[in-house]
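Please read this briefing with the sequence and the three-dimensional structure at hand. The points below are grouped by topic.

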Amino acid sequence: IYCSPAISSGVSFERWKPAAVIACAGGQIAPEHIVQAAARVRCPDVPVFLFAPERCPGAALRVGSGATNRQQLIDDLKAVSDPLFGELDGAGANGVWLDAWAALGAIRNRQRFAYRATIAGLLEREGWELQDSSTSPVGMDEELAASLLKPIAEEQLKAQDRALVEATAISPEAAAVLAAKQRLSPADQLALQRFQFAKRWALPADSDLPLELLEADRSSTREQLKTAYQLATPEALALVPDCDAAKITALDPIEQQPFAPDRLRVTLGAKLTALRSLGLPALLKRLGQGETIRATDPAVLRLHATATAHKRQLIAATGVSPGKKATGTLRALLNACGWILKSNGRVKTRGADRDACLYEAAPMPVPDGVDKTQLEAVFLAELKAVIAGAKNPPIEKPIGAKNAPPLPPPPHRSQGFASNPARRTASPLKTAANCTQKRVQLPPLSAQFGLFR
């Protein structure tokens with residue numbers, strides 16, 4: 001077995017002549033890398049059998065929103081990933097880096113929808129000859145395949161949940177021993193995962209884990225409850241700046257100048273600040289006291305107007321997009337904070353607000369078997385633990401700031417440094433010039449392949 005550190009380059013076999021090369025591409029690797037990997041054997045007489053789907057599965061290889069139009073890709077980036085847009089737009093004059101990113105991203109997104117054809121075209125451009133079998137069966141319909149695979153995936157997920165629930169309960173001391181090991185058996189992995197899951201939900205290590213709790217964990221219920229607690233607890237809010245500083249430091253412990261969009265990914269301050277700036281705590285206080293609010297309430301309308309005016313910043317900080325109506329925006333923001341908005345009829349009295357919808361809200365219930373007080377104690381302990389692990393405060397570098405001066409060049413070899421050994425690079429793909437013989441072979445393969453020579 002010859003191992004390569006990169007799929008697109010590696011050992012080149014110039015004289016070895018195997019019976020065939022088989023390349024299996026699942027749609028997760030770029031087409032040009034599959035072409036390079038299939039050409040490790042240089043003999044032009046060795047055929048390559050390629051197995052690849054017609055299109056990439058799911059979101060594999062997707063760039064940005066997945067749009068195939070360059071301008072649409074940029075427009076979607078403005079609305080969804082504002083920090084990345086700022087980095088690309090300010091990286092060069094006249095947005096040259098943004099245009100280059102969008103152009104390459106649109107090409108990649110088009111390749112996703114013609115994955116097999118793209119690989120075939122690249123191989124043909126490099127001098128290979130495509131030889132399809134005319135007797136190949138027709139591929140399975142995608143909707144039919146999805147309907148057949150969905151029950152299998154659901155059953156597999158249930159089996160994983162049952163394995164986690166039935167795993168051996170271990171003590172904190174045993175969990176610490178397992179966490180320090182580099183390799184664990186499947187049984188030890190499940191036992192450690194079970195312990196960590198119970199700890200996340202403030203449950204005793206030997207308590208029973210209901211399957212409903214695993215589903216709640218997958219649906220981000222814990223993150224919603226955590227946001228609600230942090231937003232309403234002054235002690236937790238006071239710890240957020242130090243916690244964010246520790247997380248930013250961990251992103252780049254050496255230079256302490258991490259990529260700006262990554263800051264929003266790991267920190268809490270931007271999200272909580274955005275929610276507080278919208279006046280959400282005041283609304284939560286009113287709703288928590290059992291008040292019924294109208295859809296035309298000035299606070300709701302003001303919240304919707306502010307969220308719409310700063311849509312890009314709101315999405316970047318909280319991941320919540322404002323709705324078309326004020327109540328839609330309120331519902332989305334309350335859901336992010338662990339609250340549920342419910343309709344409560346309409347205004348029946350005469351006046352300007354007649355027939356306006358009435359709403360009430362309540363905190364999201366804690367899953368069965370979980371103690372809310374203990375869970376909030378875990379939230380607070382997590383903030384303190386992150387702060388305790390920090391060593392140095394991060395160096396603040398706003399978007400658009402100039403880069404740090406480059407390091408001085410290394411000394412010349414005459415000053416005591418030996419020369420670097422020669423690095424072997426992979427030779428290029430074979431082209432039509434060195435492909436001397438082309439024979440047609442039609443093996444009985446399935447529809448999702450092409451035979452190349």
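A charge is said to sit over a ring if NZ of Lys or CZ of Arg is within 6 Å of the ring centre and within 35 degrees of the ring normal. In this structure, the charged end of arginine 112 sits over the ring of phenylalanine 113, 5.3 Å from its centre. The model is a predicted one, in which local features need pLDDT of at least 70 and side-chain atom pairs count only at pLDDT 80 or more, while totals for chains, interfaces and linings use all residues. Residues are numbered from 1 along each chain as its sequence is written, and side-chain values use heavy atoms, with hydrogens and water left out.

**The chain as a whole**

- The chain has 18 helices and six strands; helices (H or I, at least four residues) and strands (E, at least two) are DSSP runs, numbered from the N terminus.
- Of the 453 residues, 36% count as buried, where buried means under 20% relative accessible area, exposed over 50%, and partly exposed in between (1.4 Å probe, protein chains only).
- The accessible surface of the chain comes to about 27200 Å², and 56% of this area belongs to carbon and sulfur atoms; the areas come from the Shrake-Rupley method with a 1.4 Å probe, and for residues only the protein chains shown count as cover.
- A contact means heavy atoms within 4.5 Å. Among contacts in the chain with a separation of 6 or more, 72% are between residues 24 or more positions apart.

**Nonpolar cores**

- A nonpolar core is a set of buried Ala, Val, Leu, Ile, Met, Phe, Trp, Tyr and Cys residues joined through side-chain atoms within 4.5 Å.
- The largest such core has 49 residues, and those with the most contacts inside it are Trp201, Leu280, Leu330, Leu333 and Leu334.
- Apart from this core lies another, of 21 residues, which includes Ile34, Val46, Cys56 and Ala60.
- When neighbours within four places in sequence are left aside, the contacts of tryptophan 201 are Leu213, Asp217, Thr221, Arg222, Leu225, Pro367, Val370 and Leu375.
- Alanine 202 lies in the loop between helix H8 (186–200) and helix H9 (211–218). Alanine 202 is buried, at 13% relative accessible area, and its phi is near 60°, a positive value in a residue other than glycine.

**Aromatic pairs**

- Rings of Phe, Tyr and Trp (its six-membered ring) pair if their centres lie within 6.5 Å; planes under 30 degrees apart count as stacked, over 60 as edge-to-face and the rest as tilted. By this rule there are two aromatic pairs.
- Phenylalanine 13 and tryptophan 16 form an edge-to-face pair, 5.1 Å centre to centre with 65° between the planes. Phenylalanine 13 is buried, with a relative accessible area of 17%.
- Tyrosine 229 and phenylalanine 379 form a tilted pair, 6.0 Å centre to centre with 45° between the planes. Tyrosine 229 lies in helix H10 (residues 221–232) and phenylalanine 379 in helix H18 (residues 372–388), so the pair ties together parts that are 150 residues apart in sequence.

**The loop between S2 and H2**

- Arginine 62 is found in the loop between strand S2 (48–51) and helix H2 (70–80), and is partly exposed at 45% relative accessible area.
- Beyond neighbours within four places in sequence, arginine 62 is in contact with Asn109 and Arg112.
- Arginine 62 and alanine 106 are 44 residues apart in sequence and 9.4 Å apart in space, C-alpha to C-alpha.
- Leucine 61 also has its place in the loop between S2 and H2. Leucine 61 is partly exposed, with a relative accessible area of 21%, and its phi is positive, near 65°.

- In helix H13 (residues 269–277), the buried residues are Gly269, Leu272, Ala274 and Leu275.
- These buried residues of H13 pack against H10, helix H11 (234–251), helix H14 (280–288), helix H16 (311–318) and helix H17 (326–336).
- H13 is followed by glycine 279, whose phi is positive, near 80°.
- Glycine 319, in the loop between H16 and H17, counts as exposed at 60% relative accessibility.

**Cysteines**

- A disulfide is a pair of cysteine sulfur atoms within 2.5 Å, and by this rule the count is zero.
- Cysteine 56 is buried at 5% relative accessibility, and cysteine 337 is buried at 0%.
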